[in-house]
Amino acid sequence: NGYFDHNATTPLHPAARDAWLRASEKHWHNPSSLYRDAGMASQHLESARERLGTLIGTDAERIVFTSGATESNNALFAPLPPDALVLISAIEHPSLREASRGRQVLELPVNTDGVVEPDTLKSHLSAHRPALVSVMAANNESGTLQPWRELAALCRAHGVPFHTDAAQWLGKIDAADLGECDFITGSAHKFGGGKGCGFLVLPSEDSRLGFIRGGPQEHGRRAGTENYPAIEAMVTALESLTLRLGEVAQTQSGLRDAFIAQMRARFEPLRVISECSPRLWNTVLMVMPEHDNLKWLTRLSRRGFSISTGSACSSGKEGSSVVVTALGASAAELKRVVRISSGWETTAEDWQALAVAFEEVFEELNRGGRPQ
Ligand code: PLP
């Protein structure tokens, strides 16, 4: 299996597929309708909300189902007026960065490990009174984990709402206390659910959200018939992954580190971004010593390996890594960034085959780019 782009999207988890089929065959009725079958669909939908609440440590009433993380991030900013001051980290996903536009945005810088230090937030909170602070839980490019618990606590102490985009955290690391954040973004397809399904957690059951208007669905907070089968699949995927979090993290991070060691033995100097800070068990963001990332990507792709050049949402643009830019890399380095992100099903053999493919591509590129 040569798929190493799980931070862009993941294959459907088998349990999610079964759950989706069951829900689609039995409970396809409109949960807002008034007859018995619709009532059943509505009950199952509410039970999925409860189960998700348990997994992420929030009251179910705080959860609004959406079409994914991009919608959730846009909905978050929609109510904020143009003069609202918001603090966001320098390494947020484009969906959050773009959604924050039109407000007074101040960026929280990251340290050399790609982490927002609590002291940095503290000094900003002493100097300003923002309407919202938003720092992602885990970064999609480098996998760096942010100290969101400390950041949320600091915001709470200052009476400032705190949001975290947990799209990359969920399914990979335990999320049982994520509910300490006032707002949380999640996306099903990053952890084995289907595309086009996600959620936004709001501070309380009374919080309003008028981003998508129309019918009374989601307790009047997000109009449109709920995609119950996709929601059921999302929650089932997260439940399945949550059962094995510790074991998977241990095995997979070992495999990833062995891959880095093997790459380092072959490629000098190999710069792995945020190597010394806590990060997701599946992610390696590295600056290759030579050759443009698109050359690596296309030649690896020909050999059946899928990797990326940074964030999928900005690929196509050369040198598109938000993280490597925030770390002050040169334009030349930016062109050599590649991102590898493994998954729950990745094996030692898959990693080994990828390392061998990198060596073959290197030889090919050094020969002048001609395939053998
Ligand atoms: N936020 C983060 C951190 C992501 O990694 C992604 C996916 O690329 C998104 C938001 C957007 O997610 P979606 O595809 O659900 O809109």
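Guide: In helix 3, the buried residues are Ala69, Thr70, Glu71, Ser72, Asn73, Ala75, Leu76 and Phe77. This is a predicted model, in which local features need pLDDT of at least 70, side-chain atom pairs count only at pLDDT 80 or more, and totals for chains, interfaces and linings use all residues. Residues are numbered from 1 along each chain as its sequence is written.

Visitor: What makes a residue buried or exposed?

Guide: A residue is buried if 20 or more other C-beta atoms lie within 10 Å of its own, exposed if 12 or fewer, and partly exposed in between, with C-beta atoms placed from the backbone. In helix 3 (residues 69-77), 8 of 9 residues are buried, so the helix is described as mostly covered.

Visitor: What covers the buried residues of helix 3?

Guide: The cover includes strand 1, helix 4 (94-99), strand 5 (162-165), strand 6 and strand 7. Helices (H or I, at least four residues) and strands (E, at least two) are DSSP runs, numbered from the N terminus.

Visitor: Why is His291 called partly exposed?

Guide: His291 has 18 other C-beta atoms within 10 Å, and therefore counts as partly exposed. His291 is found in the loop between strand 9 and helix 10 (293-302).

Visitor: Which residues does His291 touch?

Guide: Not counting residues up to four places away in sequence, His291 touches Trp296, Arg336 and Leu365. Two residues are in contact if their C-beta atoms, placed from the backbone, lie within 7 Å.

Visitor: How do you know what span to expect of helix 2?

Guide: The expected span is 1.5 Å times one less than the number of residues. Helix 2 (residues 36-56) has 21 residues and reaches 30 Å from its first C-alpha to its last, close to the 30 Å expected.

Visitor: Which residues of helix 2 are buried?

Guide: They are Ala41, Leu45, Ala48, Arg49, Leu52, Leu55 and Ile56. These residues cover an arc of only 125 degrees around the axis, so they lie on the same side of helix 2. The arc is that of the directions from the helix axis to the C-beta atoms. The face turned away from the buried side carries the exposed residues Arg36, Gln43 and Glu46.
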